[in-house]
Amino acid sequence: MTSTTSRARAVLSLGRIYCDMVFRGLEGMPQLGREVFAGEFDLTPGGGALITAAHLAALGRPSALLARFGTDDLSKTLGQTIDQLGLDLQFLDRHETAGPQLTVVMVQNGDRAFLSRRAGHARPASFERALAWSEATHLHIAEFATLHEMNDAISTAKSHGLTVSLDPSWDDELILDPDFFQRTAGADIFLPNMEEAEALTGSSDPLTALQHLAAHFPIVALKLGGDGAMLAANGEVSRLPSQRVEVVDTTGAGDAFNAGFLHAWLDGLAPEQCLAAAISAGTRSVQAPGGTGSLQAVS
Ligand SMILES: Nc1ncnc2c1ncn2[C@@H]1O[C@H](COP(=O)(O)OP(=O)(O)OP(=O)(O)O)[C@@H](O)[C@H]1O
Ligand SMILES: [Mg+2]
């Protein structure tokens with residue numbers, strides 16, 4: 001390894017950026033032919049890549065967003081918030097076909113319904129340039145849907161000497177892709193939640209699902225919401241509970257968890273310390289609305 005490579009610290013976060021329009025305090029879910037009013041509304045940046053990248057930056061990790069981004073009015077408005085998150089935006093690929101890309105989130109009694117629009121394709125024109133960046137040490141892929149569109153993402157990152165992590169993120173169709181493990185081969189760290197782990201392994205038992213996934217990835221961190229998380233690394237399994245806090249909103253908690261884990265792992269900490277750091281980041285996230293609300297609250 002050259003000295004330049006060993007000094008590299010930055011994480012590239014690859015995935016789609018969404019404008020999350022969050023409606024809270026609903027008296028019911030929308031029905032055809034009816035109108036429902038919300039008590040509260042927030043407009044906030046979303047998408048796992050952005051949330052993980054923002055939490056990495058907040059932890060002091062050089063963090064670059066690798067994504068396409070629209071030039072429409074909604075994207076421009078969102079851009080003002082993104083500019084304040086401490087991210088390296090040199091690889092943000094601004095293009096008119098990349099927006100508006102949005103998710104309407106309807107929250108009722110702690111449950112959420114989503115309505116999303118994807119805009120254009122996922123592959124940033126800056127992809128090759130980003131992976132060749134001398135500062136980059138790791139590629140985080142925020143959803144399997146993006147990897148599905150960019151089959152070469154893991155192999156290209158590896159050819160540049162980067163390590164790779166993947167959060168599958170729920171997708172009704174793609175989570176059942178029979179080629180899932182073939183397409184994700186080479187990822188060093190896999191970061192699913194229990195719903196995703198069950199869909200991939202057919203097991204609703206966390207330990208059984210974790211062990212199944214550990215046959216495919218060197219490190220698996222399984223997110224269990226209010227029950228904490230489990231880790232399989234170096235043939236050993238560990239588990240930590242979540243912290244008891246007042247939960248405001250769990251949106252993006254898994255993406256914050258990813259940031260905590262990656263930052264510790266890239267610093268060379270032991271697996272269980274990485275899991276503890278991940279839980280701390282997830283805990284911080286659930287105490288404020290939206291995926292980046294906890295960061296804006298402290299800055
Ligand atoms: N109700 C909760 N109470 C305390 N901590 C929580 C709670 N929900 C989530 N967390 C913290 O956040 C971490 C990750 O959350 P979760 O398991 O919900 O991920 P996820 O399902 O991938 O989330 P998302 O996909 O919405 O980002 C948990 O391991 C835990 O540390
Ligand atoms: Mg998740």
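**Close-up views of helix α10 and selected backbone features**

**View 1. The contact between helices α2 and α10.** From α2, the residues G48, I51, T52, H55 and L56 meet D255, A256, N258, A259, L262 and H263 of α10. By class, this contact of α2 with α10 is made up of five nonpolar, five polar and one charged residues. In this predicted model, α2 (residues 48-58) and α10 pack with their axes 8 Å apart and at an angle of about 45°, which makes α2 oblique to α10. The crossing of these two helices, α2 and α10, is right-handed.

**View 2. Helix α10 along its length.** Just after α10, the backbone at G268 takes a positive phi of about 85°.

**View 3. The contact between helices α10 and α11.** The axes of α10 and α11 (residues 271-286) cross at roughly 145° and come within 7 Å, and the crossing in which α10 passes α11 is right-handed. On the α10 side the contact involves A253, A256, F257, A259, G260, F261, H263, A264 and W265, which meet Q273, C274, A277, A278, S280, A281, G282, R284, S285 and V286 in α11. The residues of this contact of α10 with α11 divide into 12 nonpolar, six polar and one charged.

**View 4. The cis peptide bond at P100.** G99 and P100 are joined by a cis peptide bond, for which omega is about -5°. P100 itself lies in the loop that runs between β6 (93-94) and β7 (102-108).

**View 5. Positive phi at S169.** Although S169 is not a glycine, its phi is positive, at about 55°. The residue S169 is found in the loop between β10 (163-166) and α7 (180-183), and S169 counts as buried because it has 24 C-beta neighbours inside 10 Å.

**View 6. Positive phi at N234.** N234, which is not a glycine, has a positive phi of about 55°, and this residue is found in the loop between β13 (229-233) and β14 (236-240). With 10 other C-beta atoms within 10 Å, N234 is exposed.

Technical notes
Residues numbered from 1 in each chain as written. Chains lettered and ligands numbered in written order. Predicted model: local features only at pLDDT ≥ 70, side-chain atom pairs only at ≥ 80, totals over all residues. Helix = DSSP H or I, 4+ residues; strand = E, 2+ residues; numbered from the N terminus. Axes fitted to C-alpha atoms, helices over the stretch in contact; angles between N-to-C directions. Parallel < 35°, antiparallel > 145°, perpendicular 65-115°, else oblique. Left-handed = near helix turned anticlockwise from the far one by under 90°. Contact = placed C-beta atoms within 7 Å. Nonpolar A, V, L, I, M, F, W, Y, C, P; charged D, E, K, R; others polar. Buried ≥ 20, exposed ≤ 12 C-beta atoms within 10 Å, placed from the backbone.
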